[in-house]
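Hello,

Here is the structure we spoke about, for your files. My notes on a helix pair and a cavity follow it.

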Amino acid sequence: MNLSVGIVGLPNVGKSTLFNALLKRQQALVANYPFATIEPNVGVVEVPDGRLAKLAGVVRTNKIVQATVEFVDIAGLVAGAATGAGLGNKFLSYIREVDVIVQVLRDFADSEVVKEGSVDPKSDYEVVASELILKDLETVLRAKEGKTLREKGMEKKKEVVDKLYEGLNVGKPAREILLTNEERELAADLFLLTMKKEIKVLNVGENDPRLREYFGDEVIISAKIEAELSMLAETDAKAYMEELGIKESGLDKLIRKAYETLGKISFLTAGEIEARAWTIDKGMKAPAAAGVIHTDFTKKFIKAKVTSYADFLRYGGWKGVAENGKLRMEGRDYVMADGDVVEFMIGS
């Protein structure tokens, strides 16, 4: 269950600098993903999870496999993209494929980098948001005027399309239009761009004091610093961040924010072969979580041997948690929790 994040933005906002920093990280991951076919505009980045190293120490394995996030560098947008201006069609087609949109907004001054078509973060955001709404409005209007909605049994779908049209027509993104869960399911096949969740990233100057803080609705990043960090060894990168007064890289903040935005959590497995994190949806039950490891495991699921990450460390592994009454046998209705350490019992 890989998480796909689309990076969008106007020209000269620092999007490419940020993506290039991600590509440097991708190169370090090649050995861990030998069968991955990655196109030049995609970077695969590990989800930072310090728990795995500690689990690996308990089970005495040298192999750690982090969960991953796929970042897609989407063609730069210009005003008029909804009608095909610039690389508008490419821009919009890529957005349809990602799970969450990250909009990079320039909030730094640099006389050597022209602010082409860009005024300030708020107006930049509105340009991109407007283009996505216009494209969705075109999609909904096509559905509204088509023959399908006139067929028998399509009354509910027509009501949803009408509701979406009214909202988009007054400038509301689809995600903010009040729909029931059933109505959202009926609208799913429209693949609306503004139905996707989004994260705003402010690209600030390298000396901006906001780099030392974490904002609730916005992630603060200096793309220039991230590019510099990506070139350094891990120990040197940590020393550089300490020098700058930064506790963690902006990319790590961004990955965490993407998880939070999409309601993702990780369960953990630990054995002699490897310690590994697996990405699942919050609220997922044990059989479906087993299916993330292998699709056959969902049908063949019998039980899940579960303990918490804290207890696994405290009691030194599976034997210790069993001896101290911290091992649980969970069935098909068990809802997975973040940090669960699990062994699935699978039938033949």
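Contact here means heavy atoms within 4.5 Å. Helices are DSSP runs (H or I, at least four residues), numbered from the N terminus. The model is predicted, so local features need pLDDT of at least 70 and side-chain atom pairs pLDDT 80 or more, while totals for chains, interfaces and linings use all residues. Residues are numbered from 1 along each chain as its sequence is written, and side-chain values use heavy atoms, without hydrogens or water.

The helix pair: from helix 4, Ile133, Asp136, Leu137, Val140, Leu141, Ala143 and Lys144 meet Val161, Asp162, Leu164, Tyr165, Leu168 and Asn169 of helix 5. Nine of these contact residues are nonpolar, one is polar and three are charged (Ala, Val, Leu, Ile, Met, Phe, Trp, Tyr, Cys and Pro count as nonpolar, Asp, Glu, Lys and Arg as charged, the others, Gly among them, as polar).

Helix 4 (residues 121–145) packs on helix 5 (residues 155–169) at about 150°, with the axes 9 Å apart; axes are lines fitted to C-alpha atoms over the stretch in contact, and angles run from 0 to 180 degrees between N-to-C directions. The two helices are therefore roughly antiparallel (over 145 degrees).

The cavity: one of 30 Å³ or more turns up in a search of the whole structure. On a 1 Å grid over the protein atoms alone, a cavity is a set of points where a 1.4 Å probe fits but cannot get out, and lining residues have an atom within 4 Å of a point. The largest cavity holds about 50 Å³, the space filled by probe spheres set on the points, which are joined across faces, edges and corners. Its lining includes Leu211, Ser222 and Lys253.

Regards

Methods
Parallel < 35°, antiparallel > 145°, perpendicular 65-115°, else oblique. 1 Å grid on protein atoms, 1.4 Å probe; cavity = no way out; pocket = protein on both sides within 12 Å on 5 of 7 lines; lining within 4 Å.
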